[in-house]
Amino acid sequence: MSDTPPRLLVACFCAAWCRTCDDYAQVMDALKLQYAQQADFVWVDIEDQAEVLDNVDVENFPTLLISDAQQVYFWGTVLPHAATASQLIDRVLSGDIRVTNAPDILQLDHRLRSSLFS
């Protein structure tokens with residue numbers, strides 16, 4: 001058994017028309033470099049990839065999903081600052097965050113992973 005923690009998936013749910021999302025793309029690029037050894041980062045356009053969302057609503061932007069292959073650690077809107085996302089990722093990596101057990105978010109994670117890794 002490996003002591004290496006499972007690789008995280010950090011998905012940002014945004015929209016092409018959202019100006020906040022335009023700015024947040026640079027934040028995601030920086031986080032991708034910062035956490036290259038621990039996480040994969042994906043951008044999900046809520047209109048172009050609506051089938052992934054199914055019945056889950058994205059109420060504001062940016063909305064992040066942070067998970068590994070076994071569980072979802074975070075789903076929600078974040079302030080559009082690198083420090084906010086970085087703190088969340090650090091908390092997940094250190095085990096200092098509760099998992100999300102909401103069935104619709106677990107299914108969303110499964111659909112997203114299926115579309116990315118199948």
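Predicted model: local features only at pLDDT ≥ 70, side-chain atom pairs only at ≥ 80, totals over all residues.

Q: What makes strand 1 and strand 3 a pair?
A: Pairing takes at least two bridges between the strands. Here 5 bridges join strand 1 to strand 3 (residues 63-67), so they qualify, and they run antiparallel.

Q: How do you know that strand 1 also pairs with strand 2?
A: That same cut-off of at least two bridges applies, and 7 bridges join strand 1 to strand 2 (residues 39-45), running parallel. Leucine 9, for instance, sits opposite aspartate 40 in strand 2. To get from strand 1 to strand 2, the chain goes through helix 1 (residues 19-34), a right-handed β-α-β crossover.

Q: Why is strand 1 called largely enclosed?
A: Buried means under 20% relative accessible area. In strand 1 (residues 8-14), 7 of the 7 residues are buried, so the rest of the structure largely encloses this strand. Leu8, Val10, Cys12 and Cys14 point one way, Leu9, Ala11 and Phe13 the other, and all are buried.

Q: Which residues touch the most other members of the largest nonpolar core?
A: Phe13, Trp75 and Leu112, out of 41 residues in that core. The largest share, 7 residues, comes from strand 1.

Q: What does phenylalanine 13 touch, leaving out residues up to four places away in sequence?
A: With contact meaning heavy atoms within 4.5 Å, phenylalanine 13 touches residues including Val44, Leu53, Phe61, Leu65, Trp75, Leu108 and Leu112.

Methods
Residues numbered from 1 in each chain as written. Heavy atoms only, no water. Buried < 20%, exposed > 50% of the residue type's maximum accessible area, 1.4 Å probe, protein only. Helix = DSSP H or I, 4+ residues; strand = E, 2+ residues; numbered from the N terminus. Right-handed = clockwise from strand over helix to strand, strands pointing away. Core = buried A, V, L, I, M, F, W, Y, C linked by side-chain atoms within 4.5 Å.
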